[in-house]
Amino acid sequence: MRALITRMASTGHKTHGLTPERLSLRDIVTIGSGSYHSFAVSKKGDVFGWGLNSFCQVGLSDADGGYEDTIPVPTIIDALSPAQHGGARVVEITGGAHHSVFLFSNGEVWACGRCDGNEVGLGANHPEMVKNEQRKEAALKKRAAREVDELALLADEPADEAALKAAENAAQGVPLPNPYIPYPQKVAFPLTEGVTTETRIIKIASGTRHNFAVSSDGRVYSWGMGNTSQLGLGDEEDAPIPTLVRSQKMDGFRALAASTGGQHSVIVAVKA
């Protein structure tokens, strides 16, 4: 049986319709979504993405419109093609408010999108994270130069007021770029005690700005923003890279899957 996807259609001037409408996609075997963006995977392994893309969370290249803030129709994401991953296919997709996480059949996890809350799990030294900081630094330098120019134009006003206005005008004139990872990047899972081979992930889950992953041996990893303890890492409020979730209450259990909400997480496990 061919699988079809439907979306909630817009009716007239409404932006949130209640009538499902068929998309022009066929032979779809997997779907996934974030808060404002969606994905679908075909039998051939092609991954389609559409929706809000203000932090490049759809993962498209510039050639396919990845620079656009919105992707209006399902568009193939070349970076997730099986041909680019040794034949491995995307088998699960999750997303948060502005980031996306992709699980491949070989157990690898890739991610893209917003990164200032550690959503992508790459760590500060990753080349793409370094590029992101460089974009921010370049914008700050440009803003500082703009502020000097603005201050010169306000020379006749009181110094304190002039400085405040100059800073505000410079900030409006030179906004900082959104913190993002433009294309899907492989997320590394650190080796832990007793593990000598690369971690193979079998399940993923994404909350608004945090993620969980379950490995084939029943371990649980989390990363991202954990200001309400949704990471399960005790007092740690942030995890820049996947971090093993340890708890005495989980001793003797093997995790099967995880699910996440906006600011909480749930794990299902069985006796080991």
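Two strands are said to pair if DSSP finds at least two bridges between them. In this predicted model, β5 and β6 meet that description, running antiparallel and joined by 4 bridges.

Strands of a sheet pair through backbone hydrogen bonds, in either a parallel or an antiparallel arrangement.

Within this sheet, strand β4 (residues 37-42) and strand β5 (residues 47-52) pair in the antiparallel sense over 5 bridges. Two facing pairs can be followed along them: Ser38 stands opposite Trp50 in β5, and Phe39 stands opposite Gly49 in β5. The hairpin of β4 and β5 has 4 residues between the strands, and in this hairpin Gly45 adopts a positive phi near 100 degrees. Strand β5 is mostly covered, with 5 of its 6 residues buried.

A further open sheet of 4 strands has the order β7-β8-β9-β10, and its pairing is antiparallel. Here the edge strands are β7 (90-95) and β10, each pairing on one side only. The twist in this sheet averages 15 degrees from one strand to the next. Strands β7 and β8 run antiparallel and are joined by 5 bridges; Val90 stands opposite Phe104 in β8.

The largest nonpolar core contains 27 residues, and Val109, Val120, Phe189, Ile201 and Ile204 have the most contacts inside it. Several strands each supply at least two residues of this core, among them β8 (99-104), β9 (109-114), β10 (180-187) and β11 (201-206). Also in that group are β12 (210-215), β13 (220-225), β14 (238-244) and β15 (253-260). A second, separate core of 21 residues includes Val41, Trp50, Ile93 and Cys112. Trp50, a member of this second core, is the residue of β5 that stands opposite Ser38.

Leaving aside neighbours within four places in sequence, Ile204 is in contact with Glu92, Ile93, Thr94, Val101, Phe102, Leu103, Val109, Phe212, Ala213 and Ala258.

Two packed helices are described by the angle between their axes and the distance between the axes. The axes of helix α1 (residues 127-153) and helix α2 (residues 159-173) come within 8 Å and cross at roughly 135 degrees. At this angle α1 is therefore oblique to α2, and the crossing is right-handed. On the α1 side, the residues in contact are Arg143, Arg146, Glu147, Glu150 and Leu151. They meet Ala162, Ala163, Ala166, Ala167, Asn169, Ala170, Ala171 and Gly173 in α2.

Finally, Ser216 is found in the loop between β12 and β13. With a relative accessible area of 43%, Ser216 is partly exposed. Not counting residues up to four places away in sequence, Ser216 touches Arg200 and Ile202. Ser216 and Thr199 are 17 residues apart in sequence, and their C-alpha atoms are 7.8 Å apart in space.

Note on methods:
Residues are numbered from 1 along each chain as its sequence is written. This is a predicted model: local features need pLDDT of at least 70, side-chain atom pairs count only at pLDDT 80 or more; totals for chains, interfaces and linings use all residues. Side-chain values use heavy atoms; hydrogens and water are left out. A nonpolar core is a set of buried Ala, Val, Leu, Ile, Met, Phe, Trp, Tyr and Cys residues joined through side-chain atoms within 4.5 Å. Buried means under 20% relative accessible area, exposed over 50%, partly exposed in between (1.4 Å probe, protein chains only). Contact means heavy atoms within 4.5 Å. Axes are lines fitted to C-alpha atoms, for helices over the stretch in contact, and angles run from 0 to 180 degrees between N-to-C directions. Angles under 35 degrees count as roughly parallel, over 145 as roughly antiparallel, 65 to 115 as roughly perpendicular and the rest as oblique. A crossing is left-handed if the near helix is turned anticlockwise from the far one by less than a right angle, and right-handed if clockwise.
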